[in-house]
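Student: I am new to this structure. Please take me through one part of it closely.

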Amino acid sequence: FRRRLSKLNDLDVLVDLAPSSVSLVFGLSHLDQDLKFPILLSRALSPALAVQSLLFPAASFFFCKYFVFDPIHERKAALKRKKEEDKMKAVTAQKRREARTTVELMKVTVETKLQREKTSKGVIIKLAVYGNLENFDEKVSEIGLGPALSLTTGPYVDVSIPLQYQVESSRLHLEASAKSGLMGFFDPCPGFEMKQLRVVYKFKGRKHQVTVNDLDPLDLPLSQHLLDRSSSSTRSRSRSSASSSSSSS
């Protein structure tokens with residue numbers, strides 16, 4: 001039986017059955033060097049001792065594997081994961097602070113842009129959330145979109161201000177690339193692949209909503225983002241009916 005102790009060291013356990021003896025041999029291999037340590041178990045070959053000698057290394061190997069080596073490797077792996085997680089948390093916290101600083105610098109410009117968009121009933125970002133949105137709807141349904149909803153500590157981040165900053169002349173276009181690289185954005189959930197961007201906005205006084213994957217492009221405004229399409233269709237039919245009535249008279 002052979003057990004890899006490290007990249008350079010192997011441990012061997014074997015039973016040497018000779019006509020005049022039974023020996024248990026431990027071997028240690030390091031690069032091209034082999035060290036063997038024979039232990040004489042009997043000077044006579046007996047079937048019972050031979051079977052026991054064969055079972056002993058196997059039992060010893062599995063005992064060491066499951067109760068000594070595996071726990072050691074698991075502890076090392078857990079410690080390594082913990083270090084990586086702590087490092088990732090520290091990096092994320094730093095990116096979060098940098099994003100907050102950038103957003104603070106944007107606020108004056110965004111306020112001016114927002115007033116322009118309100119005057120022209122253009123694109124007004126009501127809410128923009130980026131990150132892992134798997135449980136976002138469930139959380140919103142529980143506590144609503146109020147002050148109690150924290151967008152600063154979850155696996156997502158509020159990017160309403162950075163997105164409004166990108167709006168020019170009632171238009172917004174984002175390229176097909178990771179959104180975490182945008183000004184005022186950061187990656188709130190490193191390692192999670194299915195990040196998304198959800199935008200709730202008003203255009204011409206009407207509410208729109210769209211959700212795109214991280215690497216997808218985004219264009220605002222679009223008619224397919226409109227939430228209340230039924231009322232829009234009803235108003236259109238009403239105007240058409242009114243026009244037909246006027247024509248008939």
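Tutor: Contact here means heavy atoms within 4.5 Å. This is a predicted model, where local features need pLDDT of at least 70, side-chain atom pairs count only at pLDDT 80 or more, and totals for chains, interfaces and linings use all residues. Residues are numbered from 1 along each chain as its sequence is written, and side-chain values use heavy atoms, with hydrogens and water left out.

Start with Leu197. Leaving aside residues up to four places away in sequence, Leu197 touches Val129, Tyr130, Val159, Leu174, Lys179, Phe185, Val210, Thr211, Val212 and Leu218.

Now the core. A nonpolar core is a set of buried Ala, Val, Leu, Ile, Met, Phe, Trp, Tyr and Cys residues joined through side-chain atoms within 4.5 Å. Buried means under 20% relative accessible area (1.4 Å probe, protein chains only). The largest such core has 21 residues. Leu197 is among those with the most contacts inside it, as are Ile125 and Leu220. Strands are DSSP runs (E, at least two residues), numbered from the N terminus. β5 (124-131), β7 (172-174), β8 (196-203), β9 (206-213) and β10 (218-220) each give this core at least two residues. β8 supplies the largest share, four residues. Another core, of six residues, lies apart from it and includes Leu127 and Val200.

Next, the sheet. Two strands pair if DSSP finds at least two bridges between them. Four strands form an open sheet in the order β6-β5-β8-β9, with antiparallel pairing. β6 (156-158) and β9 are at the edges with a single partner strand each, so one side of each has no neighbour in the sheet. β8 and β9 pair over eight bridges in the antiparallel sense. There, Gln196 stands opposite Asn213 in β9.

Notes: Buried < 20%, exposed > 50% of the residue type's maximum accessible area, 1.4 Å probe, protein only.
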